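This report describes one protein chain, going from single residues to the whole. Please look at the sequence and the structure first, then read on.

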Amino acid sequence: MSVAELLATHSSAELTEWIAYEQIAGTIGQARDDLLMAMLAATVSNANRGKGRKAKVSDFLPKWDRGGRRHMDWTEMLAAVKTMNRSMGGRDLTKEGQPDGADSGRAPR
C-alpha cells in the first residue's frame, strides 16, 4: 500500500491509535520480525555450539541506521509535528496569537 492509499483510507485518529498501540505492545512488522528471527538464530547457534561463549540475540540483530540522532527539545518536536501535519494535508488548529503557538487546550471540532 502506498502512502497516498494509506492516507486516503485511514483517518489521522486511526493512525494515531496504531502508533499508540505500537508504543504499548511493541514494534509491528519488520522490526518485530528482525527480533524474532534473531532469537531463533541465537537459539539454533547455541544448540549447535560447544562450551564457551554463548551467542546473544543482539549478535544476530541487523544494525539499521540508529546513529547521529540527537534529542530534540519540545519546540523542535512541535515544529517537526507541524511539518509532518502540513505534509499530510492537515490543518494547524492551534490558536494563533498565544505564546509559542500554544494550544488553547480545547479539542478540535
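Asp34 is buried, with a relative accessible area of 13%. The model discussed here is a predicted one. Asp34 has its place in helix α3. Setting aside residues up to four places away in sequence, Asp34 touches Leu61, Pro62 and Trp64.

A second residue of interest is Asn46, which lies in helix α3, the run of residues 30-47. Is Asn46 buried or exposed? Its relative accessibility is 19%, and the limit for buried is under 20%, so Asn46 counts as buried. Apart from neighbours within four places in sequence, Asn46 is in contact with Lys54 and Ala55.

**The chain as a whole**

The protein has four helices and zero strands. Read from the N terminus on, its elements run α-α-α-α. Buried residues such as those described above make up 6% of the 109 residues in the protein. The accessible surface of the protein comes to about 9,400 Å². Carbon and sulfur atoms account for 60% of that surface.

The contacts can also be sorted by distance along the sequence. Taking contacts between residues at least 6 apart in sequence, 13% join residues at least 24 apart.

**Helices α2 and α4**

Helix α2 covers residues 12-25, and helix α4 covers residues 74-87. Helix α2 has 14 residues and reaches 20 Å from its first C-alpha to its last, which is close to the 20 Å expected at 1.5 Å a residue. For α4, the 14 residues should span 20 Å at 1.5 Å a residue, and its end C-alpha atoms are 20 Å apart, so the two values agree.

What follows each of these helices? After α2 comes Gly26, with a positive phi near 105°. After α4 comes Gly89, with a positive phi near 85°.

**Salt bridges**

How many salt bridges does a search of the whole structure find? The search finds two salt bridges, and the table sets them out.

| Residue pair | N to O distance |
|---|---|
| Arg53 and Asp59 | 3.0 Å |
| Asp92 and Lys82 | 3.5 Å |

In the pair formed by the side chains of Asp92 and Lys82, the partners come from distant parts of the chain: Asp92 is in the segment after α4, and Lys82 is in helix α4, 10 residues apart. Asp92 is partly exposed, with a relative accessible area of 39%. Lys82 also counts as partly exposed, at 21% relative accessibility. The limit for buried is under 20%, so the 21% of Lys82 places this residue among the partly exposed ones.

In the other salt bridge, the side chains of Arg53 and Asp59 meet. Arg53 is exposed, with a relative accessible area of 53%. The cut-off for exposed is over 50%, which is why Arg53 falls in that class. Asp59 counts as partly exposed, at 37% relative accessibility.

**The aromatic pair**

The count of aromatic pairs comes to one. This pair is made by Trp18 and Tyr21 and is edge-to-face, at 5.8 Å centre to centre and with 85° between the planes. An angle over 60 degrees counts as edge-to-face, so the 85° between Trp18 and Tyr21 puts the pair in that group.

Where do the two residues lie? Trp18 and Tyr21 both lie in helix α2, three residues apart, which is about one turn of the helix. Trp18 counts as partly exposed at 48% relative accessibility, and Tyr21 is partly exposed with a relative accessible area of 47%.

**A nonpolar patch on the surface**

Which residues form the nonpolar patch on the surface? They are Val3, Leu7, Val81, Met84 and Met88. Together these residues have about 460 Å² of accessible area. Helix α1, residues 3-9, and helix α4 each supply at least two residues of the patch.

Leu7 is one of the patch residues, and it lies in helix α1. Leu7 is partly exposed, with a relative accessible area of 32%. Residues of a patch need over 30% relative accessible area, so Leu7 with its 32% passes that cut-off.

How values were computed. Residues numbered from 1 in each chain as written. Predicted model: local features only at pLDDT ≥ 70, side-chain atom pairs only at ≥ 80, totals over all residues. Heavy atoms only, no water. Patch = residues over 30% accessible without salt bridge, like charges linked within 9 Å, V, L, I, M, F, W, Y side chains within 5 Å. Areas by Shrake-Rupley, 256 points an atom, 1.4 Å probe, with all protein chains shown as cover. Salt bridge = Lys/Arg side-chain N within 4 Å of Asp/Glu carboxyl O. Buried < 20%, exposed > 50% of the residue type's maximum accessible area, 1.4 Å probe, protein only. Contact = heavy atoms within 4.5 Å. Phe/Tyr/Trp six-rings, centres within 6.5 Å; stacked < 30°, edge-to-face > 60°. Expected span 1.5 Å × (residues − 1).
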